[in-house]
Amino acid sequence: MPQDGLRAINVYVLETDTGLALIDGGWHRPDTYRELATGLARIGRSPDEIHDVFVTHVHRDHYTFAVELRRRHGCRVHLGAEESPGLEAIHRLGTNEPENSLHELRRAGASDLAARARIGSLAESFDPQDWEPPDHWLRPGTVELSGYRLHAQATPGHTKGHMVFRDLDRHLMFTGDHVLPTITPSVGFELGPWEMPLDNFLRSLTLLSDDDAPVMLPAHGLPGGSVGRRARALLAHHEHRFAQILDVVGELAPCTGAVVAQALTWTRHDRRFDTLGTFDQMFATCETLAHLDVLVARNVLTAKDNDGVDVFGIAR
């Protein structure tokens, strides 16, 4: 994955009774087909055997190569139904730039960061053919796949239509970006209107937190470990983050989301905000705003609109 803190995406191959199915498609880049064909050759298979691709969510590193595989080999592409508005927005705007999230950056008091993010995203190439609609809009429930008892579960948060897939016979769960082994996925920077993304994410994590049986097969990072244990760890991480944010607001109030984000440290290495690149600053600010919104909903913080910028304080 070029120009990204993540090195790669994991694409999982299921050997079915009639060929191959994939969990996630990957990012359509010049070398992607060669990389996939080389990987499949190691197990004596080839891309022309792929008949279905089940995509966990609509981000480009998961979706766009699934569409290219359909062009080459006629396979079916499946995507969560709640991703439909985001895909429509991509075609309407002619870019995969998350317009609504840039608005949220401005609500956080980070208009300069929104402007820099827009310039960076406009510099990227955009091919509308990469974003053609799927063959099938997935809804929660049993997935029709010969040789597998696969169950799709809606897990909104990272995106509105994110889905995970559980292999009921092998006690595996393909967790996409919802549950990752060493990091928490970005929350609050996506296509479509802002709908309390962190609240949705925490609810989705809670749904998985009581079940230690399935082994985690994430979209990024090494497979292995219990989905339930990792979900509980992520829930604890976000509660710790809430406490950190409350401390910052208590010290700096009244303050904006941008000010709070700049006062926190980021990544597993506790990096200062000003050492992050533009896009990581953008993710950090949106995620901070998502935490602040939840704390307002919990009646712990207050928010006042100051000419389109929310200013936060401690609720009394």
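User: What should I know before we start?
Analyst: This is a predicted model, where local features need pLDDT of at least 70, side-chain atom pairs count only at pLDDT 80 or more, and totals for chains, interfaces and linings use all residues. Residues are numbered from 1 along each chain as its sequence is written, and side-chain values use heavy atoms, with hydrogens and water left out.

User: OK, helix packing. At what angle do α6 and α7 pack?
Analyst: About 145 degrees, with the axes of α6 (residues 197-208) and α7 (residues 227-252) 8 Å apart. The axes are lines fitted to C-alpha atoms, for helices over the stretch in contact, and the angles run from 0 to 180 degrees between N-to-C directions. Helices here are DSSP runs (H or I, at least four residues), strands are E runs of at least two, and both are numbered from the N terminus.

User: Left-handed or right-handed crossing?
Analyst: α6 passes α7 in a left-handed crossing, which is the label when the near helix is turned anticlockwise from the far one by less than a right angle.

User: Which residues make the contact?
Analyst: From α6 you have L198, F201, L202, L205, T206 and L208, and from α7 V227, G228, A231, L234, L235, H238 and F242. Contact means heavy atoms within 4.5 Å. By class, that contact has 10 nonpolar, 3 polar and no charged residues. Nonpolar covers Ala, Val, Leu, Ile, Met, Phe, Trp, Tyr, Cys and Pro; charged covers Asp, Glu, Lys and Arg; the others, Gly among them, are polar.

User: What does its side chain do?
Analyst: The D212 side chain makes a polar contact with the side chain of R232 at 3.1 Å, and reaches the backbone nitrogen of R229 at 3.4 Å. A polar contact is a pair of N or O atoms within 3.5 Å; within protein, one must be able to donate a hydrogen and the other to accept it, and residues adjacent in sequence count only if both atoms are side-chain atoms. Leaving aside neighbours within four places in sequence, D212 is in contact with S226, G228, R229 and R232.

User: Switching to Q281: buried or exposed?
Analyst: Q281 is buried, at 9% relative accessible area. Q281 belongs to helix α9 (residues 278-297), and its side chain reaches the backbone oxygen of F273 at 3.2 Å.

User: And α9 as a whole?
Analyst: 14 of the 20 residues of α9 are buried, so the helix is largely enclosed by the rest of the structure. From first C-alpha to last, α9 reaches 29 Å, close to the 28 Å expected at 1.5 Å a residue; the expected span is 1.5 Å times one less than the number of residues.

User: How many residues of α2 are buried?
Analyst: 10 of its 14, among them D61, H62, E68 and R70. The buried residues of α2 pack against β2 (19-23), α1 (32-41), β3 (50-55), β4 and α3.

User: Where's E83?
Analyst: E83 is in the loop between β4 (76-80) and α3 (84-93), and counts as buried at 3% relative accessibility. The C-alpha atoms of E83 and K160 are separated by 6.2 Å, though the two residues are 77 apart along the chain.

How values were computed
Buried < 20%, exposed > 50% of the residue type's maximum accessible area, 1.4 Å probe, protein only.
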